[in-house]
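Hello, and thanks for passing this one along. Below are my notes, starting with the ligand site.

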Amino acid sequence: MLQDIPTPTLREARACVLETERLTLRKPTLADVKAIARLANDRRIAENTRRLPHPYTQDDAIDFVRAVADGGRETVFLIENNHTPIGMVGLDWREENAAELGYWLGVDHWGQGFGTEAARAVIDYFFEEFDLDQLISGARVVNPSSRNILEKCGFQWSGVELHRFEALGSSSPVDCFRLSRSVWASLKSWNNSIRRKG
Ligand SMILES: CC(C)(COP(=O)(O)OP(=O)(O)OC[C@H]1O[C@@H](n2cnc3c(N)ncnc32)[C@H](O)[C@@H]1OP(=O)(O)O)[C@@H](O)C(=O)NCCC(=O)NCCS
C-alpha cells in the first residue's frame, strides 16, 4: 500500500550546496573530520554553543559527521572559504515543524563578516525550501557578536531562557530570537529607492 512506503523527510530530500559571494556551504564528510576537530577545539567556541564538548576530539567530529549522514535531527553545512573549511552552520529540527539556526566559526576566521554571510545563506535556504513561518535562534547574553548577526539578519528578540551548555557543565541565560517569514520577505525585497533632484 502506498502509505507503507517510507519516504524521506523533506529535509533529507533537499540537502544541497549553498554558494555565497565568498563561501561554499556543503554537507560535511569523513574527509573533513581533521579540519572540523582542529577548528572546533577551542573553549571560546564551545562555551557559546550548546552541544559542542570541550576539548573537541577527532572522535567527536567522526560521531558528528556520522550522525549528520544518518539523517539526524540537524541539517548541517560545513562552511568553506577558498576551499578551506572555516566553520559550521545549520538548522536543528527540534520538532518536524520548528527549526533553530546555529553556527560557529574557527577563531582565526572571526570578524570578517563570514558569520553573517553564512547565516544569511541558511536563512534563505530555510524560507525558500520549507513552508514554515518562522525560524528561531539564540545567543548567550554575553555573546554580542552572535546577537549582532541575528539582528542584522532581521531576527527580533523574544525573551531570555536558561539553556544548558555542555562545555560549561551548567546552564546560562540565552537571548532568544525569532525571524518571521514576513520580516525576511520584507528585507529581501527592500530595494534601493532613487533620489532625484527636485
Ligand atoms: C558568533 C560568530 C559566528 C561570529 O562570527 P563573525 O564572522 O566574527 O561575525 P560577523 O563578522 O559576521 O559579525 C559579527 C558582528 O558582531 C560585531 N561584534 C563583534 N564583537 C562584538 C562585541 N564585543 N560587541 C558588539 N558587537 C560585536 C561585529 O562588529 C559584527 O558586526 P558588524 O558586521 O556590524 O561590524 C563567532 O564569533 C563564533 O563562532 N563564536 C563562537 C560560537 C558562537 O557564538 N556561535 C553562535 C551561537 S548560536
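1. **The ligand shell.** In this model, 21 residues surround the ligand, and the closest are Asn48, Gly115, Thr116, Ser145 and Asn148. A residue is taken as near a molecule if its C-beta atom, placed from the backbone, lies within 6 Å of it.

2. **Basis of the model.** This is a predicted model: local features need pLDDT of at least 70, side-chain atom pairs count only at pLDDT 80 or more, and totals for chains, interfaces and linings use all residues. Residues are numbered from 1 along each chain as its sequence is written.

3. **Who builds the shell.** Strand S5 (98–105), helix H5 (114–129) and helix H6 (144–152) each supply at least two shell residues. Which element gives the most? That is H6, with five residues. Helices (H or I, at least four residues) and strands (E, at least two) are DSSP runs, numbered from the N terminus.

4. **A look at glutamate 117.** Glutamate 117 lies in helix H5. Leaving aside neighbours within four places in sequence, glutamate 117 is in contact with Thr20, Glu21, Arg22 and Leu23, where contact means C-beta atoms within 7 Å. The C-alpha atoms of glutamate 117 and glutamate 21 are separated by 8.3 Å, although the two are 96 residues apart along the chain.

5. **Overall fold.** The chain has seven helices and eight strands. Its radius of gyration is 18 Å, close to the 16 Å that the globule rule gives for 198 residues, so the chain is as compact as a globular protein of that length; the radius is taken over C-alpha atoms, and the rule is 2.2 Å times the number of residues to the power 0.38. Of the 198 residues, 30% count as buried.

6. **Confidence.** The average pLDDT (the predictor's confidence in each residue, from 0 to 100) is 92, and 92% of the residues score at least 70. Please treat residues 1–8 separately: their pLDDT is below 50, and beyond near neighbours in sequence this stretch has one contact in the model.

Notes: A residue is buried if 20 or more other C-beta atoms lie within 10 Å of its own, exposed if 12 or fewer, and partly exposed in between; C-beta atoms are placed from the backbone. Two residues are in contact if their C-beta atoms, placed from the backbone, lie within 7 Å.
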